[in-house]
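Colleague: I am new to reading structures. Please pick one part, look at it closely, and then show me what lies around it.

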Amino acid sequence: MIFLLSLACSKEIPEEAWNLSPVYGVPNLDDDNQNGIFDGEEELSADENDLAKLRIPQVFFSNKKDDQKLRIVQNDDGFRIYQNGALKSNSTEDNFYLEHEEESDLLLEIEFLDYNQSKTISLQLEEPGEVLKKVDIELYSAPLLVGHHLQPAEFLVSMEYRGNDGNQEFVDAFADVLGDRFTAYALGDYEFDVWIQDEIEFGILIGDGHQTSTVIDSIRDRGLAPLAEQELVGSDVGRGVWGSGQENSQDSFGNLEATPPITVDGTTYPFGRIYYGKYNSFQMTRGLKSFLDEQEIQAPIELDVGFLCVGHVDEFVTFIPDPSAPQGHRLYVTDIDKGYEFLNGLERSHSLPLYGSEYGYDNVGDILDDNELRELNEEIQATYIEPNIARFKAEFGLTEEEIVRVPMIFEQPWGCGGSTATLLPGVVNMAVFTHEDQVGADLFIPDPFFRSNLNDTTTDPYINMFKELLPETVTPHWVNDWEWYHVQLGEVHCGSNIKRQAVNNWWEK
Amino acid sequence: MTLTFLFTLLSVPLFADESLSAQIEKLQLQSPVEYERRAELQPRATRAGHLRFVGSELTDPTWAPLYLERYLNGDENTEVRRALLHLVYRSLEQIPTDVENQYTEEPAILRADILANSDNSLLTEQGLKDPSPLVRAALARKAGISEEISTAVIVHLLQDQDDTVKMDAARASYRRDCMDAIPLLIPLSVQQENGTLALRSLYALSKINTEQAVAIVKKHQLAQSSHHNLAIFAANLLKVQQ
């Protein structure tokens with residue numbers, strides 16, 4: 001009996017128990033109870049599901065001596081600690097003793113309140129007047145990530161108007177393929193602003209076993225400005241606005257993209273790198289640029305897109321999953337030399353009725369004979385396309401093998417002060433709806449209408465050429481975006497938006 | 001003097017047989033429903049932000065008088081009038097004299113559009129003296145493609161105080177193979193305040209006189225410029241030369 005008592009008195013918390021794993025969570029900035037208040041700004045609701053779990057093994061309670069206590073000390077501000085839903089600590093002013101009678105591990109709940117934060121708490125074993133042992137536990141909140149085209153798509157959204165001369169053909173192209181993974185919002189409710197790509201970006205937040213999203217809402221102040229709050233914010237979807245002041249076109253999110261995972265000079269970017277464009281002195285709002293920089297993991301770079309009237313990176317470059325490529329994807333970039341090479345391979349008399357009515361080019365010969373157009377395009381190739389390709393190689397670590405040059409010609413639309421947009425619907429300006437396997441994808445591509453029979457895509461030499469440039473693992477869908485988007489200086493990507501799911505954890509290299 | 005009276009006075013050959021108001025009256029009588037639709041039609045915002053009327057069927061020249069009347073009557077705001085001007089131009093493939101006659105009274109953005117698309121040489125002189133860089137830049141772009149405009153205009157605009165005007169003048173200089181522009185393009189290529197202007201100027205110089213452009217790249221080490229595109233273009237220029 002004495003022996004047994006002695007054993008019980010000598011029990012100790014094993015050394016290895018003190019190696020507590022870091023905690024990874026998402027900032028609690030969504031609205032799980034959908035009451036219009038961000039969760040981090042109110043008391044916990046019954047619907048709350050975004051608190052990270054800190055597990056304190058039961059052995060701490062079973063093996064400590066009766067006169068010993070376990071205390072949690074909050075070492076940083078900016079997060080909260082709960083136990084069984086009750087707030088225990090809110091700042092560095094707070095600390096509390098752990099009480100736990102059950103035969104199971106104790107779960108504390110951590111509520112992060114901001115992105116990409118690194119915090120600690122201390123777990124202390126104390127006897128009256130003395131701290132016997134102490135360990136710091138690392139707590140990390142998720143950085144906000146911009147999605148890339150190797151991440152599976154969850155759903156696609158666009159704007160819809162089914163009145164006379166509406167955009168139903170555009171909308172139906174998504175609905176037919178995606179079914180309930182597609183949502184269209186009424187254009188009439190949003191001042192006929194079709195450019196849903198530009199208003200919002202679905203940022204991804206990854207916690208341990210849990211993902212949420214923050215909609216990055218642009219400071220762009222057009223018809224779609226209220227969309228995020230009215231339609232998107234709710235359970236597991238929050239919203240944030242970064243930056244202020246006078247908006248310009250660089251603040252639209254066709255101008256905010258991310259590469260798939262890349263390795264550059266030995267440095268791996270498991271979530272790719274963010275890229276956006278500047279147009280001469282016009283740049284993305286400083287507040288958002290700083291915020292994206294602070295997320296660190298996607299190390300943003302800025303490209304010079306000063307040749308583009310709209311000024312967005314999606315107008316001239318995209319990434320497509322391709323399992324045969326060295327890194328599982330290839331960059332598709334518009335290329336003028338290839339554009340003229342393509343045109344030279346066609347009959348000069350090849351008829352282009354849509355180009356005749358819109359641009360005055362009735363056939364291929366008309367385009368080839370336009371010397372001013374050719375001079376303009378040669379300049380763009382030399383001063384923007386080639387320099388940007390050089391930057392893709394340097395900053396994204398891409399080789400020529402990983403780059404697909406897509407034939408294209410640019411023109412100077414009315415109202416653009418000499419800047420350009422694509423003459424043919426910009427096929428790289430597509431929506432990439434990636435499948436779960438991260439290999440297959442439905443590609444919603446602007447129909448180039450480079451043919452006389454507008455209803456027969458099989459006779460379109462541009463489509464036939466472009467299909468040859470695509471990997472076999474993707475499925476192209478040719479979308480009529482001519483009237484509503486193309487001649488309005490945008491394309492399929494500009495008129496749609498995709499929410500994606502991450503498949504890897506940012507804390508695991 | 002009413003605007004309608006002005007239209008009648010200033011009517012161009014396009015509408016010579018009938019006054020503008022008479023043509024509009026006829027359209028209204030012949031197709032009242034379509035007339036109502038087109039009279040109320042509103043442009044939509046392009047992705048770049050400016051407005052544009054959507055629909056290739058709108059450019060039927062029959063309806064141009066209605067658009068012209070909407071443009072001229074001044075009830076709509078400048079952005080809508082700009083879209084109407086574009087629609088008139090898309091319908092008629094020219095800028096009507098009625099529009100040109102109102103040129104000086106228009107805001108800068110409309111003066112720029114009219115100047116860029118009109119064949120009226122009188123507007124060139126006015127454009128050169130225009131206080132708005134938007135208009136002078138439009139003139140520079142036009143000078144790059146119109147043999148009717150003296151290359152002296154390009155040289156003049158290369159010395160403009162506004163960088164956007166100089167950029168468009170630089171493009172115009174190589175399009176017109178303007179040798180007189182070279183002494184101005186050289187300093188613009190090597191100045192460091194505006195990399196985009198330097199890039200445009202160096203490209204123009206390379207098109208007019210490649211050897212001189214290469215010499216400037218070497219002398220000023222432009223391949224090491226902090227402006228990415230300028231540096232890469234300059235480096236590529238050296239490679240081509242080798």
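Modeller: Start with a definition. Two strands count as paired if DSSP finds at least two bridges between them. Keep in mind that this is a predicted model.

Now take strand β9 of chain A, residues 130-141. Look at its pairing with strand β8 of chain A, residues 118-127. The two run antiparallel, and 10 bridges join them. Find Ser118(A): its bridge partner in β9(A) is Tyr140(A). Then go to the turn of this hairpin. Two residues sit between the strands. Gly129(A) takes a positive phi there, near 80°.

β9(A) also pairs with strand β1 of chain A, residues 23-25. This pairing is parallel and runs over three bridges. Gly25(A) has Ser141(A) as its bridge partner in β9(A).

Go back to β8(A) for a side chain. Side chains of opposite charge can pair when their charged atoms come close. Glu126(A) forms a salt bridge with Arg71(A), and the closest N and O atoms are 2.6 Å apart. Glu126(A) lies in strand β8 of chain A, while Arg71(A) lies in strand β3 of chain A, residues 69-74. The two residues are 55 apart, and the pair links distant parts of the chain. Over all chains, the search finds 42 salt bridges.

Seven salt bridges are found across the interface of chain B and chain A. In one of them, Glu358(A) pairs with Arg52(B), with the closest N and O atoms 2.5 Å apart. The two chains also have 25 residue pairs in polar contact. On chain B, the elements that each supply at least two residues to the touching side include β1 (44-45), α5 (78-92) and α15 (228-241). That side has 13 nonpolar, 12 polar and 13 charged residues.

How wide is the contact? 38 residues of chain B are in contact with 42 residues of chain A. Together the chains bury about 3400 Å², and 48% of it is on carbon and sulfur atoms. Within chain B, Arg44(B), Arg47(B) and Asn229(B) lose the most area to chain A. These three residues make up 25% of what that side buries.

One link is left, and it is of another kind. A disulfide is a covalent bond between the sulfur atoms of two cysteines. The count is one disulfide over all chains. It joins Cys309(A) and Cys416(A), whose sulfur atoms are 2.0 Å apart. The angle about the S-S bond is -80°, and the link is left-handed. Cys309(A) lies in the loop between β20 and β21 of chain A, and Cys416(A) in the loop between β24 and β25 of chain A, so the pair ties together parts that are 107 residues apart in sequence.

Note on methods:
Residues numbered from 1 in each chain as written. Chains lettered and ligands numbered in written order. Predicted model: local features only at pLDDT ≥ 70, side-chain atom pairs only at ≥ 80, totals over all residues. Heavy atoms only, no water. Helix = DSSP H or I, 4+ residues; strand = E, 2+ residues; numbered from the N terminus. Contact = heavy atoms within 4.5 Å. Buried area = accessible area lost by both parts, 1.4 Å probe. Salt bridge = Lys/Arg side-chain N within 4 Å of Asp/Glu carboxyl O. Polar contact = N/O pair within 3.5 Å; in protein donor to acceptor, adjacent residues only side chain to side chain. Nonpolar A, V, L, I, M, F, W, Y, C, P; charged D, E, K, R; others polar. Disulfide = S-S within 2.5 Å.
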